[in-house]
Amino acid sequence: MSVTKVHARQIFDSRGNPTVEVDLYTDKGRFRAAVPSGASTGVHEAVELRDGDKANYVGKGVLKAVSNVNTVLGPELIKSGLNVTQQREIDDLLIKLDGTPNKGKLGANAILGVSIACVEAGAAEKGVPVYQHLAELAGVKPPYVMPCPAFNVINGGSHAGNKLAFQEFMLLPTGASSFTEAMKIGTETYHTLKKVISAKYGIDAVNVGDEGGFAPNVSGAEESLELLTEAIKKSGYEGKIKIALDVASSEFYKDGKYDLDFKNPNSDPQKWISGTELADLYLSYVEKYPIVSVEDPFDQDDWEAWTHFTKNSSVQIVGDDLTVTNPLRIKTAIEKKACNGLLLKINQIGTISESIQAAQLAQSDGWGVMVSHRSGETENTIIADLVVALGTGQIKTGAPARSERVAKYNALLRIEEEVVGQGAFYAGEKGLSAGLTAPALLTK
């Protein structure tokens, strides 16, 4: 069954910024997709096409991208007569129509909208759930694996107005027996953390950030880790919850050094630290707290620091700004032994087929793969289907609060109901790599 009509429009994401929505029609009905958008974006990401007209939507309109769907991508897709189940061929066509290495001509946001809508239509054409269609596209056989969620509960970095340099502190309920129980553990600890923060810093410290986490006025990472430890203890889940960090350190890399006081305009350059000193700081935290994963510990081009840290660490080191879901960057990271984990963001690369390829390339070298949302999200839940399809066992899509985050977790609860009788299991820690040890899921 081929595509009969494609229509894109401008809608709004969870931050009130314009984004692209695509409606794609076949004889089976209408299939809708909406595209997310990041705040701390890697310089190597595929291009999110914005109008740049400051008089409208503060320059963030996406009417050019919408027009590219309606006048180029849509008509050409219809003309091609491709069956909606032919995802790889469809994505190849979209890439070819753009013709640039970073999707800068038509926009990765335009291309991704069409790519996701095709996945939805392909699943309907086959009469199967979206996760099953994606698993078949990726060549992944059942049983399905339900992912361990990484709940971003304390925010710093570019996502928050506090002094905290590190961007995210996450809770991972690795000791749960199912995804449903992981949600119970995560939400209970989140509510306990809210009480702990409120008692220490006052009621305004529990206003939530872009991803549903809290942004208390902590002095630094150690104070945040102490808050998490207290909340885990008070919830009664010690040993069942591990901690992950997303440092997003490209945001505070200056002149070859790292400035942990980067939000202070009068930050003292004498106090900026080297990559090796920052690595030592992480290692001291890993020793003291139950940290199992560190994302973007160094700048996206500070390869030397990455390689040094990965060699000396026993946890999962995740590339996000470093690798930007791009097979070429992932290959370089594999060659340099720069990390052992991939953050998979579909809008960093711009098509579902390339996202699958990126995940499988990372897995071929024994990496963990964490499927991820963006800070500017929509109610679209394709990443919930994708993480189950790929069986990577890890997803981060914010705190268990704010509907655009919870939509993904709710989608996973529904999927678990469907697959639990088919031998599906909960990943727990099995999706995580640890130093030179590949995730247990990869050796199943």
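Student: Buried is under 20% relative accessible area, exposed is over 50%, and partly exposed is in between. Where does Tyr57 fall?

Tutor: This is a predicted model, so every value is computed from it. Tyr57 has 42% relative accessibility, so Tyr57 is partly exposed.

Student: And Phe12, what's its relative accessible area?

Tutor: It is 44% for Phe12, which makes that residue partly exposed as well.

Student: How many aromatic pairs in the structure?

Tutor: There are 16. Phe12 and Tyr57 form one that is tilted, with centres 6.0 Å apart and 55 degrees between the planes. Phe12 is in strand S1, Tyr57 in the loop between strand S3 and H1, and 45 residues separate them.

Student: What's the geometry of Phe166 and Tyr285?

Tutor: Edge-to-face: 6.5 Å centre to centre, with the planes at 75 degrees. Phe166 lies in the loop between strands S5 and S6 and Tyr285 in helix H7, so the pair ties together parts 119 residues apart in sequence.

Student: Are those two buried or exposed?

Tutor: Phe166 is buried at 3%. Tyr285 is buried at 7%.

Student: Which aromatic cluster holds them?

Tutor: One that also includes Phe169, Tyr253, Tyr282 and Trp306.

Student: What lies over the face of Tyr25?

Tutor: Lys5, at 4.9 Å from the ring centre.

Student: Which residues of H2 are buried?

Tutor: Gln87, Ile90, Asp91, Leu93, Leu94 and Asp98. They sit on the same side of H2, because they cover an arc of only 155 degrees around the axis.

Student: Why would such a spacing point one way?

Tutor: An α-helix has 3.6 residues a turn, so residues three or four places apart point the same way.

Student: What do the buried residues of H2 pack against?

Tutor: Four helices: H1, H3, H4 and H11.

Student: And what comes just after H2?

Tutor: Gly99, with a positive phi of about 75 degrees.

Student: You mentioned H4. Where is Val130?

Tutor: Val130 is in helix H4. Val130 is buried, at 13% relative accessible area.

Student: Which residues is Val130 in contact with, leaving aside neighbours within four places in sequence?

Tutor: Val119, Glu120, Ala123, Ile382 and Asp385.

Student: How far is Val130 from Ala384?

Tutor: In sequence, 254 residues. In space, their C-alpha atoms are 9.6 Å apart.

Notes
Residues numbered from 1 in each chain as written. Predicted model: local features only at pLDDT ≥ 70, side-chain atom pairs only at ≥ 80, totals over all residues. Heavy atoms only, no water. Buried < 20%, exposed > 50% of the residue type's maximum accessible area, 1.4 Å probe, protein only. Helix = DSSP H or I, 4+ residues; strand = E, 2+ residues; numbered from the N terminus. Arc of directions from axis to C-beta. Contact = heavy atoms within 4.5 Å. Phe/Tyr/Trp six-rings, centres within 6.5 Å; stacked < 30°, edge-to-face > 60°. Lys NZ or Arg CZ within 6 Å of the ring centre and 35° of its normal.
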